[in-house]
Amino acid sequence: MNYADLFPLLLVAVLIIAIAILFTFVPVMLWISALAAGVKISIFTLIGMRLRRVVPKMVINPLIKAHKAGVDVNTNQLESHYLAGGNVDRVVNALIAAQRANIELSFERAAAIDLAGRDVLEAVQMSVNPKVIETPFIAGVAMDGIEVKAKARITVRANIDRLVGGAGEDTVIARVGEGIVSTIGSSESHSKVLENPDLISKNVLSKGLDSGTAFEILSIDIADIDIGKNIGAILQTDQAEADKNIAQAKAEERRAMAVAQEQENVAKVQEMQAKVVEAEALVPQALAEALRNGNMGVMDYVNYKNVLADTDMRDMIGKLSKKENDDYDDNK
């Protein structure tokens, strides 16, 4: 086989390879779909998207959807939002939903909300169909000391103008919880709260708790209300226990001081007894000195011993009489 016979085969192979590369690099089928949908876009625009590392179907498909829905957006807007890291398809769906619901929403606003990290489509849906947020049981203490627990359901609608920079659901729940605690705490008794639970929702709703949030509070309804602990009685019991402990500590302190004083008195008594013993020990020495010096005679010493003997005898008789009286009283 000569070169003239191979040339047609090589030409066909080159054409097949070129067509394959063209269909791989250039989204021809996507271009045809856009033309069929009435979206005027050139093949060179799609090639430019490839060169700018933009996935063409992520821009063209939302563009076709927007064109069919009558939403005025262009390729540059969608492509720039894609390059900024946004979700083009979600933004277009939000624009279509807003148009159907007669909600004024521009592409710039929707793109800003999407880039801020919020679900713009969910926000539009919430504007049409409000969302119900349920709080956990929130406890408050009435003036009579009884704890009251309340659970609320908050019906909110998304405020599109405040989605960028507005606070979320956690802030709304926290503010409603604060209002519930304040309302219960200002009630004279827990029975009034149980009789009129709607007072809680009215007071909380009148505080304008949706200020600075991404929502508009439509209503606050008390879903459940319950009685908790008697906080006043618990506090009084704790205070009484604390007072008792303080009184016991003070009594123990006084007892310790009395014991210490008693021990001091015992020590003083023992000291005085020691002095008496010491003085008594000096008496024989004084008597001996008096006898030696002639200041005292033998008869004087004998009379002294007699006096001591009489004193001891009287002490013994007194002790025996006291013991007999005690035994007599016991027998009675």
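**Salt bridges in the predicted model.** In this predicted model, the count of salt bridges comes to twelve. One of the pairs joins the side chains of lysine 151 and glutamate 134, with a distance of 3.7 Å from N to O. Side chains of opposite charge can pair when their charged atoms come close.

**The interface of domain 1 and domain 2.** The protein chain is divided into domain 1, covering residues 3-128, and domain 2, covering residues 131-233, and the C-alpha centres of these two domains lie 47 Å apart. Twelve residues of domain 1 are in contact with 13 residues of domain 2, and together the two domains bury about 990 Å², of which 67% is on carbon and sulfur atoms. Across this interface, zero salt bridges are found.

**The largest pocket and its place between the domains.** The largest pocket has a volume of about 160 Å³. Because domain 1 (3-128) and domain 2 (131-233) both give residues to its lining, the largest pocket lies between them.

**The lining of the largest pocket, residue by residue.** Gly117, Arg118, Asp119, Glu122, Ala123, Met126, Ala158, Leu163, Glu169, Ala214 and Phe215 line the largest pocket. Helix H8 (residues 120-128) supplies the largest share of this lining, with three residues. By residue class, the lining of the largest pocket divides into six nonpolar residues, four charged residues and one polar residue.

Technical notes: Residues are numbered from 1 along each chain as its sequence is written. This is a predicted model: local features need pLDDT of at least 70, side-chain atom pairs count only at pLDDT 80 or more; totals for chains, interfaces and linings use all residues. Side-chain values use heavy atoms; hydrogens and water are left out. On a 1 Å grid over the protein atoms alone, a cavity is a set of points where a 1.4 Å probe fits but cannot get out, and a pocket is an open set with protein on both sides within 12 Å along at least five of seven lines; lining residues have an atom within 4 Å of a point. Grid points are joined across faces, edges and corners, and a volume is the space filled by probe spheres set on the points. Helices (H or I, at least four residues) and strands (E, at least two) are DSSP runs, numbered from the N terminus. Ala, Val, Leu, Ile, Met, Phe, Trp, Tyr, Cys and Pro count as nonpolar, Asp, Glu, Lys and Arg as charged, and the others, Gly among them, as polar. Domain bounds come from an automatic or database domain assignment. Contact means heavy atoms within 4.5 Å. Buried area is the accessible area (1.4 Å probe) that two parts lose on being put together, summed over both. A salt bridge is a side-chain nitrogen of Lys or Arg within 4 Å of a carboxyl oxygen of Asp or Glu.
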